[in-house]
Amino acid sequence: VLSVIALAIVIYKMAQYVRRGTGTDRHVDEAVRLWLAGDRAAARSHLADRKTALAELVREAMGQAGQTGGHVARSDLEDHFAIVAARQLQRLQSGFRALESIAQIAPLIGLFGTVLGMIEAFRQLQGAGNAVDPSLLAGGIWVALLTTAVGLAVAMPTAICLSFFESRVARHRLAIEEALTAVFNTGRTGSAAAERAGERPIGASAANAH
């Protein structure tokens, strides 16, 4: 039962990660490079058709950062996207607790089966008295040890898959932090430079025009 549950979760997570492109995205890296170079329109268009979770988040952040002129509003945006990123990571980490529990419980269930099997084998040995059949005792021990082997066979692949998923999410988290930091810090630097040059932010100019 645990092996079936673990296999179902692993297949679901693999499909989710492939569909959402969990981890780094070279298109996002190129878009951030264009953004840092000052070509914001090209950076947004570079991510226009990307459907990965990272690209969608960075594309939205670029759109919001390009329309924001004040420091307070930008700080609010950073808080907003921090929450959005946390929710995205939480969805990507769904099922991790179940895989971790299976990796820990499966060997214990196997060991429990081994202990029960050994108890039964020695009970039969005691009941046989002087007429001991070694094959009966060996058969009971073989079955008992088999439960531990099966438990380990379930736990080890589950632990490996969990480690792989965790590494992908860690890469995704790092990519989000790097991309959002580049987007918002560049926007803040641009606004500060505009203010030092005596220019008004775009939002303020639009307000004055009205």
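The legends below describe close-up views of a predicted model.

**Notes for all views.** Residues are numbered from 1 along each chain as its sequence is written. Because this is a predicted model, local features need pLDDT of at least 70 and side-chain atom pairs count only at pLDDT 80 or more, whereas totals for chains, interfaces and linings use all residues; side-chain values use heavy atoms, with hydrogens and water left out.

View 1. Helices (H or I, at least four residues) and strands (E, at least two) are DSSP runs, numbered from the N terminus, and along the sequence they give the pattern α-α-α-α-α-α-α-α. Of the 210 residues in the chain, 31% are buried, where buried means under 20% relative accessible area, exposed over 50%, and partly exposed in between (1.4 Å probe, protein chains only). Among the contacts in the chain with a separation of 6 or more, 77% are accounted for by residues 24 or more positions apart, a contact being heavy atoms within 4.5 Å. The chain exposes about 12400 Å², of which carbon and sulfur atoms supply 63%; accessible areas come from the Shrake-Rupley method with a 1.4 Å probe, and for residues only the protein chains shown count as cover.

**View 2. The largest nonpolar core, with 39 residues.** A nonpolar core is a set of buried Ala, Val, Leu, Ile, Met, Phe, Trp, Tyr and Cys residues joined through side-chain atoms within 4.5 Å. The members that touch the most other members are Val 28, Val 58 and Met 62. At least two residues of this core are supplied by each of α1 (2–20), α2 (26–36), α4 (53–66), α5 (71–92), α6 (96–128) and α7 (134–196), and the largest share, twelve residues, comes from α7. When residues up to four places away in sequence are not counted, Val 58 touches Val 28, Leu 47, Ala 179 and Val 183.

**View 3. Helix α2 and its buried side.** The buried residues in α2 are His 27, Val 28, Ala 31, Val 32, Leu 34 and Trp 35. They lie on the same side of α2, because they cover an arc of only 160° around the axis, the arc being that of the directions from the helix axis to the C-beta atoms. On the face turned away from this buried side, α2 carries the exposed residues Arg 26 and Leu 36. After α2 comes Gly 38, whose phi is positive, near 100°.

**View 4. The two salt bridges found in a search of the whole structure.** A salt bridge is a side-chain nitrogen of Lys or Arg within 4 Å of a carboxyl oxygen of Asp or Glu. In one of them, Arg 20 pairs with Glu 56, and the closest N and O atoms are 3.1 Å apart. Because Arg 20 lies in helix α1 and Glu 56 in helix α4, this pair ties together parts that are 36 residues apart in sequence. Arg 20 is partly exposed at a relative accessible area of 24%, and Glu 56 is partly exposed at 27%. The side chains of Glu 30 and Arg 33 also meet in a salt bridge, at 2.5 Å from N to O; both residues lie in helix α2, three residues apart, about one turn of the helix. Glu 30 counts as partly exposed at 27% relative accessibility, and Arg 33 counts as partly exposed at 46%.

View 5. With a relative accessible area of 0%, His 172 is buried. The side chain of His 172 makes a polar contact of 2.7 Å with the side chain of Gln 88 (a polar contact is a pair of N or O atoms within 3.5 Å; within protein, one must be able to donate a hydrogen and the other to accept it, and residues adjacent in sequence count only if both atoms are side-chain atoms). Not counting residues up to four places away in sequence, His 172 touches residues including Gly 21, Thr 22, Ala 53, Leu 54 and Leu 92. Thr 22 lies in the loop between α1 and α2 and is buried, with a relative accessible area of 3%. The C-alpha atoms of Thr 22 and Arg 173 are separated by 9.4 Å, although these residues are 151 residues apart along the chain.

**View 6. Thr 158 in helix α7.** Thr 158 counts as buried at 5% relative accessibility. A polar atom of the Thr 158 side chain lies 2.7 Å from the backbone oxygen of Val 154. Leaving aside neighbours within four places in sequence, Thr 158 is in contact with Ala 6, Leu 99, Ile 102 and Ala 103.
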